[in-house]
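Visitor: I'd like to learn how to read ring contacts and helix packing in a protein model. Could you walk me through one?

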Amino acid sequence: MSWISASELATGCCVRDDRVMSLERIVLAGFMGSGKSTIGRLLAAELGWSFVDLDTEIELVSGQTVPGLFAEHGEAYFRRVESDVLGKLLALRSTVIALGGGAPEIEANRELLEASADTCVVFLKAPFEVLFERCAEQALDPEATARPILANRDEAELRFARRAEHYHAIAHEIVETASLSATATVAHLLARLELN
């Protein structure tokens with residue numbers, strides 16, 4: 001999958017597999033702490049689009065939290081629900097979608113993203129140390145989402161390394177966010193995709 005350079009883009013258009021298409025969805029991928037939800041909300045607001053968080057939608061559909069689904073039904077069940085919900089979200093137009101951090105590990109999800117026309121997948125990339133530190137800071141907020149996989153730093157880093165190849169594989173755009181604020185990341189994306 002490849003994107004034509006920003007200077008060659010028609011407004012809101014892209015090239016994938018040598019086909020020009022209009023842009024209907026932007027999907028944000030990346031490890032926890034990469035800012036998918038924060039950046040997704042800001043980006044959607046700038047575009048006048050809807051924002052949807054995949055994990056939140058899974059919770060709405062299932063009536064259970066993501067940790068609850070894992071605990072009660074196991075990962076295989078959760079991933080089936082995740083793929084089903086993702087497929088429905090990819091039918092929406094004018095929508096920014098934040099993936100769960102592990103969604104790209106699943107082949108069915110990668111296939112859904114590959115087959116989704118008019119969709120740009122953006123990998124929000126940063127080193128593990130930066131992401132781990134962001135998550136540690138976020139964990140201080142009593143309202144923050146629990147992230148049990150960060151309890152063991154070494155295991156979390158192995159998971160990060162395993163997922164990185166999948167993030168790269170599905171991405172049309174990669175944005176290095178370690179030194180960018182959320183608003184700067186959004187501005188960069190709007191300019192890169194010529195959507196402003």
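Guide: We'll start with the aromatic rings and then turn to a pair of helices. This is a predicted model, so local features need pLDDT of at least 70 and side-chain atom pairs count only at pLDDT 80 or more, while totals for chains, interfaces and linings use all residues. Residues are numbered from 1 along each chain as its sequence is written, and side-chain values use heavy atoms, leaving out hydrogens and water.

Visitor: How many aromatic pairs are there?

Guide: Rings of Phe, Tyr and Trp (its six-membered ring) pair if their centres lie within 6.5 Å; planes under 30 degrees apart are stacked, over 60 edge-to-face, and the rest tilted. That rule gives 6 aromatic pairs here. One of them is F31 with F160, edge-to-face, with 5.3 Å between centres and 85 degrees between planes.

Visitor: Where in the chain do F31 and F160 lie?

Guide: Helices (H or I, at least four residues) and strands (E, at least two) are DSSP runs, numbered from the N terminus. F31 is in the loop between β3 (25–29) and α1 (36–47), and F160 is in helix α7 (residues 153–170), so this pair links distant parts of the chain, 129 residues apart. Even so, their C-alpha atoms are separated by 6.7 Å.

Visitor: Is F31 buried or exposed?

Guide: Buried means under 20% relative accessible area, exposed over 50%, and partly exposed in between (1.4 Å probe, protein chains only). F31 has 2% relative accessibility, so F31 counts as buried. F160 is buried too, at 18%.

Visitor: What about F128 and F132?

Guide: That pair is tilted, 5.5 Å centre to centre with 40 degrees between the planes. Both residues lie in helix α6 (residues 128–138), 4 residues apart, about one turn of the helix. F128 is buried at 2%, and F132 at 19%. Ring pairs join F31, F128, F132 and F160 into a cluster.

Visitor: And how do helices α2 and α4 pack?

Guide: Axes are lines fitted to C-alpha atoms, for helices over the stretch in contact, and angles run from 0 to 180 degrees between N-to-C directions. Helix α2 (residues 54–62) and helix α4 (residues 75–89) pack at about 110 degrees, with axes 10 Å apart. Therefore α2 is roughly perpendicular to α4 (under 35 degrees is roughly parallel, over 145 roughly antiparallel, 65 to 115 roughly perpendicular, and the rest oblique). Contact means heavy atoms within 4.5 Å, and the residues making it include L54 and I58 of α2 and F78 and V85 of α4.
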